[in-house]
Amino acid sequence: MKDIVTQLIEVLGKEAVLTHEEAGMRSAGVWGKPRNLDVLALVRPQNTEEVAKVLRLCHEAHQPVVPHGGLSNVVGSAVTAPHEIALSLERMNHIEEIDEINKTVTVQAGVVLQHLQQAVAEQGLLFPLDLGAKGSCTIGGNVSTNAGGLQALRYGVTRQLVVGLEAVLADGTVVSSLHKLQKNNTGYDLKHLFIGTEGTLGVVTKVVLKLEDAPKSRNTAFIALESFEATAYLLGFAKEKLAGTLTTFELFWEEYYRLMTSPPSGFTPPLPHGSPFYVLIEALGQNPEKDQQLFEAMLEEALLKGDIVDAVMAHSQHQLDWFWGIREKVEYAGQYHGWVVAFDVSLAISDMDAYIRHIKAQLSHQWPEYYFYAFGHMGDGNLHLYVYVDDDYESTRQQIEEIVYTPLQAINGSVSAEHGIGLYKKQWLALSRTPQEIQLMKTLKRALDPHSILNPGKIF
């Protein structure tokens, strides 16, 4: 009997299948230490029909398959073992239709997020999912991890942006629901089986996404504050005063702001160091004059009332790049220390201050000299945390994770806000999900993938 790689070459053609040696010339991921792929083969189908053929063959042979997008995932969702086949949708990278009337776009799963943003912007439209990895991450990966990002406060996470979806099940069955309906209450909404499930239930091949009108105004400011209570108040105040245009509310604890705005980072501080909290706030709207007036009036009133210490607005593209660089160039923390343990957690805004204080106290008790950086999407309850304690990464990671994750259970928080579970968080899943929920997940997995060939070993 022919081996599975030979069968795949016969079905798809040699140009679509990279052997172990050929695939080994390619990178295994964007983040972490540089490493090359170590896989049985890398398969690159051109369309949904070819994806179905691949999975049909692999299902029959009980051959494990790991879907690959832009490889920017940070929780091990796309880690592939030497006996597994990597399934890359990089050749399925076409934007099939931009529908200006219905404000939707139909794309193949291999489209890079930034390419999609640019294409719809040329038509006067906006796809509001916005991530630091937008230059490499793909739409299929965004869907499979239910990506959140910098504008989720206003537009929601990926789940809220998906209108229709096509996916291929483990046995090669194509499930296609590529409608453009905003309301469709006919039975189960099956697309949610594939959003946020990290390729364990099916491979997403096409998506219909919701678009918005491109903004005509953009008002952005850095703000310094004296207390966490003041930041929480400012969030509500900005929502009230900005007439529905508030899009981004990014919170930085002082340690992160100081790291990112001190040599040798390359960024100078927009506001002086010394405040315990800083906020990057942005509002997008359709009325430039009115929106700017509202934004400036909001800042002025907050200053006069003493709710904020200081504020500075961006008045040029250079300043926008400067402000946003401080938020988006997060990889600098790892470069500065050599490595950091990175977290993305979700919790109620009312619990954030006490949670961060608790983590600092625990880290200080264990390691008197530690580095801890907290920042994130405060408006939707998502914080990112970076921790460095010493150079012994392997022996300290587990201890750090226990300090960060364990308190979340008591406050009904989540060990993953937007990055997924993958391999690296699976041991902590039970802190955020009940045994009954995990059992139901396993039941769904067995029903849709009885041989467990799709991204095996991930999530649970």
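## A walk through sheet, charges and rings

Let us start with a charge above a ring: arginine 397 lies over the face of tyrosine 424, 5.8 Å from the ring centre. A charge sits over a ring here if NZ of Lys or CZ of Arg is within 6 Å of the ring centre and within 35 degrees of the ring normal. Please keep in mind that this is a predicted model, in which local features need pLDDT of at least 70 and side-chain atom pairs count only at pLDDT 80 or more, while totals for chains, interfaces and linings use all residues. Residues are numbered from 1 along each chain as its sequence is written, and side-chain values use heavy atoms, with hydrogens and water left out.

Now to a sheet. Strands of a sheet pair through backbone hydrogen bonds, either parallel or antiparallel. In this structure an open sheet of 4 strands runs in the order E1-E2-E4-E3, with mixed pairing. Strand E1 (17–19) and strand E3 (65–68) stand at the edges with a single partner strand each, so one side of each is left without a neighbour in the sheet. Ignoring direction, neighbouring strands of this sheet are turned by 20° against each other on average. As for the terms, helices (H or I, at least four residues) and strands (E, at least two) are DSSP runs numbered from the N terminus, and two strands pair if DSSP finds at least two bridges between them. E1 and E2 pair in the antiparallel sense over 3 bridges, and leucine 18 stands opposite leucine 42 in E2.

Helices accompany this sheet. Helix H1 (residues 4–12) lies across E1, E2 and E4, running at about 150° to E1. H3 lies across E2, E3 and E4, and its direction is at about 165° to E4. These angles run from 0 to 180 degrees between N-to-C directions, with axes as lines fitted to C-alpha atoms, for helices over the stretch in contact; contact means heavy atoms within 4.5 Å.

Next come the charges. Side chains of opposite charge can pair when their charged atoms come close. The structure holds 21 salt bridges, each a side-chain nitrogen of Lys or Arg within 4 Å of a carboxyl oxygen of Asp or Glu. One of them joins the side chains of arginine 44 and glutamate 90, at 3.2 Å from N to O. This pair links distant parts of the chain, 46 residues apart: arginine 44 is in the loop between strand E2 (41–43) and helix H3 (48–61), and glutamate 90 in the loop between strand E4 (85–88) and strand E5 (95–99). Arginine 44 counts as buried at 15% relative accessibility, whereas glutamate 90 is partly exposed at 29%. Buried means under 20% relative accessible area, exposed over 50%, and partly exposed in between (1.4 Å probe, protein chains only).

Another salt bridge is formed by lysine 445 and aspartate 449, whose closest N and O atoms are 2.7 Å apart. Here lysine 445 is buried, with a relative accessible area of 10%, and aspartate 449 is buried as well, at 1%. Elsewhere, salt bridges that share partners join Arg26, Arg44 and Glu90 into one network.

Finally, the rings. A pair of aromatic rings is described by the distance of the centres and the angle of the planes. Rings of Phe, Tyr and Trp (its six-membered ring) pair if their centres lie within 6.5 Å; planes under 30 degrees apart count as stacked, over 60 as edge-to-face and the rest as tilted. By this rule the count comes to 17 aromatic pairs. Among them is the edge-to-face pair of phenylalanine 222 and phenylalanine 323, at 5.3 Å centre to centre with 80° between the planes. Phenylalanine 222 belongs to strand E12 (residues 217–225) and phenylalanine 323 to helix H11 (residues 317–328), so this pair links distant parts of the chain, 101 residues apart. Phenylalanine 222 is buried, at 0% relative accessible area, and phenylalanine 323 is buried at 0% too.

For a tilted example, look at tyrosine 371 and tyrosine 388, with ring centres 6.1 Å apart and planes at 50°. Tyrosine 371 lies in strand E17 (residues 371–377) and tyrosine 388 in strand E18 (residues 382–388), so the pair ties together parts that are 17 residues apart in sequence. Tyrosine 371 is partly exposed at 41% relative accessibility, while tyrosine 388 counts as buried at 11%.
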